[in-house]
Structure formats: structure tokens, C-alpha cells
Amino acid sequence: MANTTDVGGVSIEYPAEGVGLVEINNPPMNMWYLGLAKKMADAMDEVRESGAKVLILASGTPGYFLAHMSLQDSIDIAEGREPTGDFGGMARCGAELRLGPMVSIAVNNGQCWGGGCELFSTANLRVAGESATFGQPEVIMGSMAAGAGTSRIPRVIGEARAMELLLDGRPISARKALHWGFVNRVFPDDTLREETIKWAALIASRPGYTLQAIKRSIGKGLDLASHKEAFANEYQVNRDMIDPHADENMVLRKAIQERYNEGADSWDAWQIEREVIDWDD
């Protein structure tokens, strides 16, 4: 695999003909912060400009796709400090994955919660390793998944299942995600990257103009079902919820971030019992 770019936590490879792979590597947990989002969006731009037909978004940090969006950025914004960037990079990432000309494949090799799960949901195709988990724990800190969680995810898995994921707050397993249609395929952890690249190469062997037409037709068709309006509504509902409860919300947010600062992993930081909801429950 030829590495062409490696800039501060994001690298690009071209592992097969017509396939570009953007790898995120922000150890120890691949937290997704505003500055990193811009680098990811810039990397996706570079892959698109290379002429690639398929874009793979993957992680180079073992056990994590994207743990979730960093709470520190949101705390800094609320308290008047400069964050690591603006929200433009995040919007660009989601738009490229869902509506850009390349077929996008998101690969979860471990934990994919919060903003990471929301970004994952915007990809055209989604695969996971057997040990992967997916979750939207925002409800635990008195917030909601307002980065496509309540607007995009119901379109992927349906209203009732989205309600369960967002209201419960506990993570689900890769098998349950497959059963729900949140992921297309589940591969063994040790062959996840290899199998994904193989599938991406097969798709990239199809005529590029046909791939783009199919993606454009589906994407625009879903927008005609008011996805944009739903996203705008999500934003407003979130603002209406947060504004009158800002102090209470900040206490919860800071408590979670403080546990991270003390070295906790996500299970302990969010105080979630170490139980993954499986489809056989």
C-alpha cells in the first residue's frame, strides 16, 4: 500500500485500483475533534481529486473507529474559549461520504459511539469487525445526538430502532447492527481491513459513471423525503433543549470529560455497564 499523505493524525493510501483509503490515527481513543475533522475532509478531497471511485474511511487506532466527538471542544465553545476548529470540517465529511461522487465505505474496527457513530451512519456502505460496538450515549449527559443522529439514523434503521439506540444510551453489538441494517457486513476482526479493501476493489471495477448515477439517485431521492428539513429541525430542537438547561448540561459534560482526563475509557467515563446489547436479547 502506497502512503501518499500523513498529516497530523490522518493518512491516505491507495490499496487497490480506484480505491482511496483515509485512515484516522488519533490515539489512544481516536477522539473526533473539530481540527481533526478538517484534516479528514481535506484528505477526502485529495482522494476525490485523485480520481478514485471508492473511498474507505478507516481507523489506524486498535479498538476504535472514532470513540466519539471530543467533549472538550464543546466545553471550550460554551465557556468562550477557542476550539480546535469550526464545524465546517464535520459538515464536509458527512456531505462527502453521503453525497460526494465516490462510493464511501466506513469501517468500524472497535468503538464507534456518539459523533463517530453519526459520521459512520452517513457512509454509503458500512462494515464492522466482530468485536465492534455502536452507541449514542448523549442522552446520559442530558444531550441528544444532533450531528445526524435523529435525522440520518432513523432513515438507516427505522424509527423504532433509532429510538432504542438514542433513548437507551447503551451500545449495541456488530451482530445487532447487522440485524438492524446499520451495517452491511461483519467480518472477523483480523481480516476486517483486507476484506473491506477486497470489496471496495470489486465495486471500483464497475463503470464509474454508473456508480455515481446510482449514488446520486439514491441520495437525492432520500433528500426529497425531507432529509434536509429533518436535519434543520434536529438542530433547532437541540438548541431549544440545550439553551434553558445549559448549566445542568455543562456539569454532566465536564464530569465525563474529567473522568477521561483521569485516564478512564469510554465505558467508565460515561458510567455505562460493560454490557453490549446483542440481537439475541
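Why does Ala-148 count as buried? The reason is its relative accessibility of 5%, so Ala-148 counts as buried, a term that means under 20% relative accessible area, with exposed over 50% and partly exposed in between (1.4 Å probe, protein chains only).

Before you go on, note that this is a predicted model, in which local features need pLDDT of at least 70 and side-chain atom pairs count only at pLDDT 80 or more, while totals for chains, interfaces and linings use all residues. Residues are numbered from 1 along each chain as its sequence is written, and side-chain values use heavy atoms, with hydrogens and water left out.

**Stop 1: the backbone at Ala-148**

Keep Ala-148 selected, and you are in the loop between E9 and helix H5 (153-157); helices (H or I, at least four residues) and strands (E, at least two) are DSSP runs, numbered from the N terminus. The phi of Ala-148 is near 115 degrees, a positive value in a residue other than glycine. Most residues other than glycine have a negative phi, and most peptide bonds are trans.

**Stop 2: the loop between E3 and H1**

Next select Pro-27 and Pro-28, which are joined by a cis peptide bond with omega at about 10 degrees. Pro-28 belongs to the loop between strand E3 (19-24) and helix H1 (34-49), and Asn-30 is also placed in the loop between E3 and H1. Asn-30 has a positive phi, near 55 degrees, although it is not glycine, and with 0% relative accessibility Asn-30 counts as buried.

**Stop 3: the rings around Phe-182**

Now select Phe-65, Phe-120, Phe-134 and Phe-182, which ring pairs link into a cluster. Rings of Phe, Tyr and Trp (its six-membered ring) pair if their centres lie within 6.5 Å, and planes under 30 degrees apart count as stacked, over 60 as edge-to-face and the rest as tilted. The structure holds five aromatic pairs. In one of them, the ring centres of Phe-120 and Phe-182 are 5.8 Å apart with planes at 40 degrees, so this pair is tilted; Phe-120 is in helix H4 (residues 114-121) and Phe-182 in the loop between helix H7 (174-180) and strand E11 (185-187), 62 residues apart. Both Phe-120 and Phe-182 are buried. Phe-134 and Phe-182 have ring centres 5.4 Å apart and planes at 85 degrees, so their pair is edge-to-face.

**Stop 4: charges over rings**

Then select Arg-185, whose charged end sits over the ring of Trp-199, 3.9 Å from its centre.

Methods. Lys NZ or Arg CZ within 6 Å of the ring centre and 35° of its normal.
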